[in-house]
Structures are given as structure tokens and as C-alpha cells.
Amino acid sequence: MFDRDQIASVSGYIVKNLEPSDFADLMHLEEEVFGAEGESTLGPYYVRLCCDFFGQHCFLCLHDGKPVGYLLSFVREREAYCTTLAVVPEFQGTRTVHLLLRAFVSSIADRVDSCWFTVKEDNKAARALHASLGATEMGVRTGFYGPDDERIVSKIDAVAFAKLRSRYERLGLLERRSRPAAVAVSYEATV
Ligand SMILES: CC(C)(COP(=O)(O)OP(=O)(O)OC[C@H]1O[C@@H](n2cnc3c(N)ncnc32)[C@H](O)[C@@H]1OP(=O)(O)O)[C@@H](O)C(=O)NCCC(=O)NCCS
């Protein structure tokens, strides 16, 4: 089970909630993953907010103490929006991304009923990951981060999110929810 601040420690990997002291690592990772590909990077105001105010649902993955991936997300009422998922090139194709997603899903499982993602059409790995969580592609938003920017918007809806939660329960990654009272009553009545 994952707790805030100390999330997961698996053979050299640690996934933790973001905290103020992670600011410089995040800025560096943005450059390493997105800047190196010629993509725009997040500005310091945004990253500072994630580290200082939204760390409850934002995660950093370290391998042997080295930052290797991160996930940024925001929760509003019963919805989550995962805005960034990134792994440094040398750790792509490893368990890093799965550990980050596991920490994220565990953190929102009892807080929300659905979750949004946005992704570029050609980002097959990210689209495959979203689909593996049960997300459905809902459409394309044009002019998303600028006039020529286009993003696919996908969503884990309430039905898919309930399935995802059940999967996490079966895997022992989340506590099982107690039976609803109505179900318990009807069960007793049939015994
Ligand atoms: C997106 C990202 C986080 C994925 O992490 P990763 O470690 O590269 O992911 P993996 O290699 O484990 O691939 C994830 C899944 O996608 C599948 N996949 C990868 N490339 C694929 C492709 N070209 N076509 C179809 N499926 C693909 C993999 O098979 C894997 O599924 P599996 O676990 O069932 O085998 C990582 O590539 C990254 O940081 N990219 C740059 C930043 C970015 O684009 N982030 C997403 C938008 S914010």
C-alpha cells in the first residue's frame, strides 16, 4: 500500500510525492526529456506550484537516488487530470513508468471517479499506457498549447475507473472497499 511521502521502494526504485526540494530535479528532468527533443518545457512557476502545492498527486521516481521519471496531475472535485508523464530516455522501457502510474492511481483511487489525459497523436507509448488503464480517446483538441498544437483527449470514465480500482484491489495495491450496507442486508436476508 502506498502512503503519502513514502510511496514505493522496489529494487533500487523509489517513488515519492513531490516536495519543495524537488524543484531543481524537476526542472532538470523537463530539459532532459522534453527540451532535448526540441519540445517546449514547463516554466518554473508551474513546476514550483506542483512541488509546493500539488505534491499529493504528483510523483518523482528515483533509481539508486537518481531522478528518472515523474508524473504531474491535478485533482478537482471527483476528477483527476494527468498532465505530464515522463521518463528519461535511458529508463524508458523499464518499470519506472509502471511504478509512477501505480503511485498515481493509488493516490486518486479514493478521491475521484474519472481521469483525463492529453497526448499527441504520434505518441504511441503514452496512448498505449492510457489505454491499458482503461482510458477511451474522446476526440482531438486543436490549438491546445498553441495555434498549431493538436492533442488527443482521453478519459478513464466512471465505469472504467471502477474496473481499474477493482484491479488494484485484486493486486493488493489498494484496500478493498467495505461492502455497501444495502448489499450486506440483502445477503443476510438470503442466508
Ligand atoms: C511516454 C513515456 C512516459 C512512456 O514510458 P516508457 O518507459 O517509454 O514506456 P514503455 O516503453 O514501457 O511503453 C509503454 C507501453 O506502450 C507500448 N508501446 C511503446 N511504444 C509503442 C509503439 N510504438 N506502438 C504501440 N505500443 C507501444 C509498450 O509496449 C508498453 O506496453 P506494455 O507495458 O504492455 O508492453 C516515455 O516514453 C516518455 O517519457 N516519453 C517522453 C515524454 C512524453 O511523451 N510523455 C507523454 C506525454 S506527457
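Author: Before we start, helices (H or I, at least four residues) and strands (E, at least two) are DSSP runs, numbered from the N terminus. This is a predicted model, where local features need pLDDT of at least 70 and side-chain atom pairs count only at pLDDT 80 or more, while totals for chains, interfaces and linings use all residues. Residues are numbered from 1 along each chain as its sequence is written.

Reader: Okay, what does the secondary structure of the protein come to?

Author: Six helices and eight strands. Going from the N terminus, the elements run β-β-α-α-β-β-β-α-β-α-β-β-α-α.

Reader: What makes A103 buried rather than exposed?

Author: A residue is buried if 20 or more other C-beta atoms lie within 10 Å of its own, exposed if 12 or fewer, and partly exposed in between, with C-beta atoms placed from the backbone. A103 has 23 other C-beta atoms within 10 Å, so it is buried. A103 sits in helix α3. A103 and C58 are 45 residues apart in sequence, yet 9.1 Å apart in space, C-alpha to C-alpha.

Reader: And α3 as a whole, is it enclosed or open?

Author: Largely enclosed by the rest of the structure, because 10 of its 13 residues are buried. Among them are T96, V97, L99 and L100.

Reader: Why is β7 said to lie largely in the open?

Author: Of its seven residues (136–142), the number buried is zero, so β7 lies largely in the open. Strands pair if DSSP finds at least two bridges between them. β7 and β8 (150–156) have six bridges and pair in the antiparallel sense. One of these bridges joins V140 to I152 in β8.

Reader: What about phi of D64?

Author: Most residues other than glycine have a negative phi. D64 isn't a glycine, but its phi is positive, about 45 degrees. D64 is in the loop between β3 (59–63) and β4 (66–76). With 9 C-beta neighbours inside 10 Å, D64 counts as exposed. E77 also isn't a glycine, and its phi is positive, near 50 degrees. E77 lies in the loop between β4 and β5 (79–87), and with 8 other C-beta atoms within 10 Å, E77 is exposed.

Reader: How many residues surround the ligand?

Author: A residue is near a molecule or strand if its C-beta atom, placed from the backbone, lies within 6 Å of it. For the ligand that gives 16 residues, and the closest are Q92, V97, K124, A125 and A128. β5 and α4 (124–132) each supply at least two residues of the shell, and α4 gives the most, with six.
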